[in-house]
Amino acid sequence: MSTFFTQASPNSSTSMAPTFLLVGLPGLSAVPSSWTILLIIVYILSVWGNGTILWIIALEPTLHRPMYFFLSLLSVADAGLATALMPTLLGLALADAHAVPASACLLQMFLVHFFSIMESSVLLTMALDRALAICLPLHYTTLLTNDVSSKISVAIVFSLGLHLPLPFLLAHMSYCHPQVLTHSYCLHPDMTRLACPGAWGAVYSLFVVLSAMVLDPLVIFFSYGLIGRVLRGLGSSENRWKAGQTCAAHLSAVFFFYVPMILLALIDHLRVPIPQPAHTLLSYIHFLLPPLINPILYSVKMKEIRERILKRLQPRKVGCAQ
């Protein structure tokens, strides 16, 4: 490991070295089998759950509506995020492979942030969808048509396009610190922290990432503020409960995605002295929990999804019984 610490000193700058070193979670080498099995189970369940959501929405014409179109985009983002993280996670768990080629690290960094920003954008869109449905129920179908959904998709693709230059900017920046990353995967904040102060590429990349990860939750919380105001004005508690249940799954998804991310940002910004394993575990929760838990939330909380899944599974059960 010492070779990585001699590649650059705080007073000198170099171009990007051919290899990055992932620190990961100390102590996992003592339980490689258990950790590997857990990772594989989490990944299989994440892909299977999100694949089931996509399968049901694709096969059921009654679900070809804006709300379920956004849900399918969320499932794509979740499955893509879990897949992007697995190469280095499994490399550390199976082979204790801490060294990662710079090109592979840049690719993983791009994919992780691509799907993270996609998930954030979709959660924002779904929050606006719920706000329209509850605040303007009589105009919902005329305001949020399939054509409007297509335009929203184009806007999401445009916002994702702003992240295309990130790996190229990082590849051509000067680095004043050893290329040692504190997580088990290549993350943008981790990599930009190694760059020399004042690098314009680091400023652009930081602006692009923060603009999405700060603006999106603010708009989401504003949307739920509007929803809360409307719910308080409803006459009966039963009506408030029914309206609130339509937001339960999405609000839970927002909680599991943004709360760990905000905690990580506050810990880094305030330099809270917590153990590195605790910091790394919080990062695992931020990236690995939403792809695992979101399909469960939407299958349980959304009646139409739950009923369509049971309807598709029922003939198989009858066939087995015969």
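Predicted model: local features only at pLDDT ≥ 70, side-chain atom pairs only at ≥ 80, totals over all residues.
Residues are numbered from 1 along each chain as its sequence is written, and side-chain values use heavy atoms, with hydrogens and water left out.

The chain holds 12 helices and three strands; these are DSSP runs numbered from the N terminus, with helices being H or I of at least four residues and strands E of at least two. Of the 322 residues in the chain, 47% are buried, where buried means under 20% relative accessible area, exposed over 50% and partly exposed in between, with a 1.4 Å probe and protein chains only. The accessible surface of the chain is about 16,400 Å², and carbon and sulfur atoms contribute 72% of that surface; accessible areas come from the Shrake-Rupley method with a 1.4 Å probe, and for residues only the protein chains shown count as cover. Among contacts (heavy atoms within 4.5 Å) with a separation of 6 or more, 79% involve residues 24 or more positions apart.

One disulfide was found in a search of the whole structure, a disulfide being a pair of cysteine sulfur atoms within 2.5 Å. The bond joins Cys-105 and Cys-186, whose sulfur atoms are 1.9 Å apart.

Cys-135 is partly exposed, with a relative accessible area of 28%, whereas Cys-247 is buried at 4%.

Helix α3 (residues 66-95) packs against helix α11 (residues 276-301) at an angle of about 140°, and the axes are 10 Å apart. Axes are lines fitted to C-alpha atoms, for helices over the stretch in contact, and angles run from 0 to 180 degrees between N-to-C directions. Residues of α3 in this contact include Leu-71, Asp-78 and Leu-89, and those of α11 include Tyr-284, Pro-290 and Asn-294. The residues of the contact comprise 13 nonpolar, one polar and one charged; Ala, Val, Leu, Ile, Met, Phe, Trp, Tyr, Cys and Pro count as nonpolar, Asp, Glu, Lys and Arg as charged, and the others, Gly among them, as polar.
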